[in-house]
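Keep the 3D view open as you read.

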Amino acid sequence: MMQKGGTDVNLMDMTALALAKKIRAGEVSAPEAARAALEQIKRLEGTVHAYVTVDEEGALKQAEEVQKKIEAGELTGPLAGVPAAIKDNMCTKGLLTTCSSRILENFVPTYTAQAVENLEAAGVVVLGKTNMDEFAMGSTTETSAYGVTRNPWNPEHVPGGSSGGSCAAVAANECSFALGSDTGGSIRQPSSFCGVTGIKPTYGTVSRYGLIAYGSSLDQIGPVAKDVSDCAAILEVIASWDRKDSTSIKRDDCDFTSALTDDVKGMKIGIPRDYLGSGLDVEVKQAILAAAEVLREKGAEVEEFDLSLVEYAIPAYYTIASAEASSNLSRFDGIKYGYRAKEYEGLHQMYKKSRSEGFGPEVKRRIMLGSFVLSSGYYDAYYLKALRTKALIKQAFDRAFAKYDVILGPAAPATAPKLGESLSNPLQMYLGDIYTISANLAGIPGISVPCGRDSKGLPIGLQLLGDCFQEKKIIRAAYSFECSRTYEAPALAGKAVE
Amino acid sequence: MAKQYETVIGLEVHVELATKTKIFCGCSTQFGGAPNTHTCPVCTGMPGSLPVLNKQVVEYALAVGLATNCQINQHCKFDRKNYFYPDNPQNYQISQLYLPICHDGGVEIETEKGKKTIGIHEIHMEEDAGKLIHDEWEDCSLVDFNRSGVPLIEIVSEPDMRSAEEVIAYLDKLRLIIQYLGASDCKLQEGSMRADVNLSVREAGAEKFGTRTEMKNLNSFKAIAHAIENERERQIDLLEAGEAVVQETRRWDDTKEYSYAMRSKEDAQDYRYFPDPDLTPVYISDEWIARVRAAQPELRTEKLQRYKEEFSIPEYDAGILTSSKRLADLFEEATAICKKPKKVSNWLMGETLRLLKENGQEPEDLRFSPENLAKLVNLADAGTVNNRVAKEVFEKIFTDDIDPEVYVEEHGLKTVNDEGALRSTVEAVIAANPQSVADYKGGKEKAIGFLVGQTMKAMKGKADPGAVNKMLKEILSR
Amino acid sequence: MANIISDETIEYVGILAKLELSDEEKEQAKADMGKMLDYIDKLNELDTTGIEPMSHVFPVQNVFREDMVTNGDDREAMLKNAPEEKDGAFVVPRTVE
C-alpha cells in the first residue's frame, strides 16, 4: 500500500491496467496517480525530454473530476484514472499542439481528436503532449523543433521515431501509457528501440479525426504501453467508427482483450526470408529467431517463406507519403494559425518565408519531393507507379495471409543508433523502415513487443503482422510470447526509488 | 478585304447548389452572416480536420447530369487541386478531375439562326472558396470563410459556341434546367451561377482551334457579352499584328470594360491533382440513377409543349410563362384553382411583367400567392369588378398579396349591377351634357366615349363600362 | 546518379511548394532529390502493367453525411490562433494590386 504524498514511483512501475485496478479499488486516487506521473516527469525530463508540453494544472484538474466520477460509479472502465501522454500531432482542445514544428509553435486547437476524446470518456487523464519527429517525418525524434528526445535505456541513443516521445515516456515511467501514430513504422520502431509494446491497428480502426495528417492514406493512431494487455485494452477504448472520418471502418470485432490468451497451438507463423537478409543486425536476428522458437515451443507452426517485393516498399512509401504530405502541409501558410514570418513583402513572400522559416529541413525535403512527384509530367511515372506497387504489395500480403495467421520479423534492422548518427544520411535513415513500412501500404495491423537486448543493453523489438482486421491474432501471439518473459524497465526509470 | 474570323467559345459554368449545408461539413450555406460565423474546423482547414461528403450534393449533381443528357460515371471520386490562395483554407480545393460524376452530355439551344446542340464535356462536384474583402484604407485583405466549402457543380461545355448570343442562350437554358430541378436558384448577380469564358479565334474555315484564353469575373449577361466582344477583338488585333495569343487567364473589369492577364511567376498552373485520400469513392448504382430520373420534375421543353396542348396557350405566351420556374408555378397553381388558363396567362403576361419591369425585378422575386390571383380572375370574369378596378386590385396583390375578395368588399369596389340606379345616372348625364348628345346624334361616334366617362365618374368607377355604353346608345337611339 | 535536378527544377518546385531555399539549401535539395528519385526509380524494375493504382486499401464507398446543419459558431476560439485578425476575419497581405 502506497503512502499518500510519498514518492509514488511504484505507481508508475505498474501497467496501466494494474494501476487502474488499484484506483478502482480505492487504494490509490486518480490525482495521486497523476501527481506520481508529474513527479516522474519533473525528475526525468531534464534527461529524457519526452514531452513538448506538460499540462500539470489541466491534468490535476481532470484527475479530480475523474476521481469523483469513479467514486460516483460513473466511470468503471479498465483505464479510468490512469495518466497518459498524447503524441503532439493529435489535437487537444485548449492545449498547445505543435507537431514538434516551429510552424505550429502557438497553435491551440479548438477541438479534440476523436481518439483522445475516446480516452477522456473512459476516464484517462491527459498529462501532456509528447515529442516527435517534426510532422512525424523521421525515425529518431531528432527532427523535432523542440529538441531531441533521448532513449531512457541510454541517453546517448535516440528513442526512435517518429513517436519517440511517447515511447520514451512509457519506458521512463513518465506516463502509464501513451498514444502514438504510425505512418511507416512510427509506433513500432520506437517501441522496439525503447523496449515497450506498441500496436499499429488496421487502417480505419482508430479515427484520424484530429490527427494532424502526414500521409493520410497511411496514418493510424495506436497505443504504446508496457505490455500487450495494456495495448489491447487501450486499443479497445480508442477504436471507434467515426462519422467524421470517411475512412473510418465500422467493426464489431473490437473486443481485443478477448485475445489475451497464452495459446498459440496450431497458429501458423511465417517468417519472411526477405526480412533476415544482409541488412539485419546479427544480434537482432538472433533475438527474433529465439522469439520464434519460443512460439514454436508453445505449439505454433513456424516456417520461413518468401514474402517478395520487400525492397520496393520503401520507394513506394516515400513517393506516396511525400506526395500526400506536400498537399496536407500546404495548409500551414501563416494565415489561419501558427507561425507567420515577421518581415515580408506581399502575399507570396509571406507564404514562402513563413513556411521556409517554420518547417525544418526534413519536412521541406519531403514537401519538395512530394510536390515534384505530383507535378505535371511526373505524376504517372512516380505517383501512379507507386500506387500500382502498393497494389502489388497488398497482393503479396494477401497471398502470405492465405497461408499464415501471423508474419513474424524484426521491427527494425538494428537497435537504437546514437544521437546524430542518422540525420546526415536521409536515405540510410529511410532504409531503417524496411520492415515496418509495408504494413502501412497494405493497411494491415502490426505490433512490436520487446524480445531481448543487444550487447550494448539496448532493447530489441519483435514485430508481428496480421491480416487486415486480424489484430486479435497478433495480440494473441504477442501475449503468448510475452508470457515467457518479464517486463524490463530501464534503470533510469526507477532511479528515484533509491 | 480583311480576313474573316470565327469565334470559338466554351464555357465553364459554376453553380452553387441549394443544399442547407456545405459539401464536406455541417456548416450552414446561408448567405450573409458576419465574417467567419458559418465555419468549423473542416471548412477553415484546421489541422486534423477531415471532410465528409454531403449526399444531397451528389443527388443534385446527378439530377443536373441526367437533365443535360450526360453519361454518369457510376464510380466517381474526388481529387485535390493544389494551389495557394488565401481564400482556399487548405491550399487545395477538393474537386473532381479523373472521374467526374457526369460526362458527354449536351443541351439544345435556340437562336435566331435556328436550333443547335451545345455539348457538355463534363460536370464535376467541388467546393467553393471563401471571400476576400479588400481593405479600403490599409494594404491588406480580409478572409471570410463563410462561403468556403459551399457545394458547386462545374459544368464544362465543349467549344461549341460561336457568338455571345449562343453563349447567352446556352446559359439561359442551363439556368432554367437547374432552376426547374430545384438544384440552385442560379442568380448571376449574387454569384450562385458564374461563367468563365474560354475563347479563341480562328480564320473562317480553319480546321484547328486557335490559342484560347480564359476570362473570369463575369457577373451578368451584359458583362459576358461585352467581354466576349472585347476579347474577340483583342485576339484578332494580335493576330493581325502578327503576334501570338498567349494561353492565359484574364480577369474582366466590368466598370472599365477591359480585361487583364492574371498571370504571375508565382502562380504556376500546375495543380498536382491526385485522388483525395480522405474521401472514399462514390458509387452510383443503376437504382440510384433510376430513382433520380423518376423524381425528375417536368423540365421546360416538356412544360412548354404541354401548355400549348393542355391549355391552348399560344407558343409565344407558353414560352414566356415557362421562362421562369416561378412564373410557371404561379400559372399552373392559379389555373388549377380557377380553371381559366387563358385569363391567368393574361394577368401574368400583362400586368405582372409590366409591374416587374417597373420595379426592376425578376420573376423569381414574385411573392404573391396563386390563390389570390385565381380569386381576382374569378371576380373579373364574373363581372363583379370591372377591368379598371381589377387592375387596381391586382397592384395590391402584387405588392402585398391581399385577398381580393376581402379587399373589394371592404373598399366597396363591386360593379353596380342595379339596372335602375344605372339608368337614372345615365339619364342624368344625358340631361347634363346636351352638346355631347348633339354631337353624337350628329354622327360623332366618339362623343359617346365622353358620356361613358362621365357616367363612370358619377358611379365612382363601380360600373361596367360596356353596360354603360350599351345603355347610352339604347337611350340616345330612341 | 541518373536523376540530375537542375536549378530550374528546384526553383519551380519551390514555387509549387511555396518554399524559399537559400543557395546552400538549394544545392542540398538538388542532391537529396536526385538521390531519392534514383532510389524511387527502382520501382521501374517492377512490371505493373494492368495493375490498378490503389488509393484506398479497402473498398469502402459512399460515405455520406445527411444535409443537416450541425455546426455552431466557433469563430472566437478559431480566430485566437490567427497571426493577424481584424473585424472577425483573417488578415493577409493585399491580394489584388
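A:Ser100 sits in the loop of chain A that runs between strand S2 (83-87) and helix H5 (114-121). Bear in mind as you look that this is a predicted model. Is A:Ser100 buried or exposed? With a relative accessibility of 0%, A:Ser100 counts as buried, because the cut-off for that class is under 20%. Its surroundings can be listed by contact: beyond the neighbours within four places in sequence, A:Ser100 is in contact with residues including A:Val52, A:Asp88, A:Met132, A:Thr143 and A:Tyr146. A:Asn131 is also among these contacts, and here the side chains of A:Ser100 and A:Asn131 are joined by a polar contact of 2.7 Å.

Staying in chain A for a moment, look at A:Lys244 and A:Asp242. These two form a salt bridge whose closest N and O atoms are 3.0 Å apart.

Now move to the boundary between chain A and chain B. Here 39 residues of chain A are in contact with 33 residues of chain B. The size of an interface is often given as the accessible area lost when the parts come together. For chain A and chain B that buried area is about 2900 Å², with 58% of it on carbon and sulfur atoms. On the chain A side, A:Ser246, A:Arg331 and A:His348 lose the most area to chain B, and together they account for 20% of what that side buries.

What about charge across this boundary? Side chains of opposite charge can pair when their charged atoms come close. The rule finds one salt bridge across the interface of chain A and chain B. B:Asp278 and A:Arg208 form a salt bridge, with their closest N and O atoms 3.1 Å apart. Polar contacts between chain A and chain B come to 20 residue pairs, counting those with both residues at pLDDT 80 or more. Which elements of chain A give two or more residues to the side that touches chain B? They are helix H10 (310-328), helix H11 (346-358), helix H12 (361-374) and helix H13 (379-403). Of the elements on that side, H11(A) gives the most, with five residues.

Leaving out residues up to four places away in sequence, B:Gln90 touches A:Ser327, A:Ser330 and A:Arg331 in chain A, together with B:Gly45 and B:Glu127 in chain B. The C-alpha atoms of B:Gln90 and B:Thr44 are 7.4 Å apart, although 46 residues separate them along the chain.

Follow chain B onwards to the loop between strand S6 (92-95) and strand S7 (102-111), where B:Leu97 is found. At 35% relative accessibility, B:Leu97 counts as partly exposed. B:Leu97, B:Tyr98 and B:Leu99 make a nonpolar surface patch of about 230 Å².

Elsewhere in chain B, B:Glu332 takes part in two of the salt bridges described here. With B:Lys303, the closest N and O atoms are 2.8 Å apart. B:Glu332 lies in helix H7 (residues 325-338) and B:Lys303 in helix H5 (residues 300-311), so this pair ties together parts that are 29 residues apart in sequence. With B:Arg306, the closest N and O atoms are 3.0 Å apart. That pair also links helix H5 and helix H7 of chain B, across 26 residues.

Finally, turn to chain A and chain C. In this interface, 66 residues of chain A are in contact with 50 residues of chain C, and about 5100 Å² is buried, 70% of it on carbon and sulfur atoms. A:Lys352, A:Met368 and A:Lys385 supply 14% of the area that chain A buries against chain C, more than any other three residues. The count here is three salt bridges. The side chains of C:Glu25 and A:Lys364 meet in a salt bridge of 3.3 Å, N to O. The largest share of the side of chain A that touches chain C comes from H13(A), with 12 residues.

Technical notes:
Residues numbered from 1 in each chain as written. Chains lettered and ligands numbered in written order. Heavy atoms only, no water. Patch = residues over 30% accessible without salt bridge, like charges linked within 9 Å, V, L, I, M, F, W, Y side chains within 5 Å. Areas by Shrake-Rupley, 256 points an atom, 1.4 Å probe, with all protein chains shown as cover. Salt bridge = Lys/Arg side-chain N within 4 Å of Asp/Glu carboxyl O. Helix = DSSP H or I, 4+ residues; strand = E, 2+ residues; numbered from the N terminus. Buried < 20%, exposed > 50% of the residue type's maximum accessible area, 1.4 Å probe, protein only. Polar contact = N/O pair within 3.5 Å; in protein donor to acceptor, adjacent residues only side chain to side chain. Contact = heavy atoms within 4.5 Å. Buried area = accessible area lost by both parts, 1.4 Å probe.
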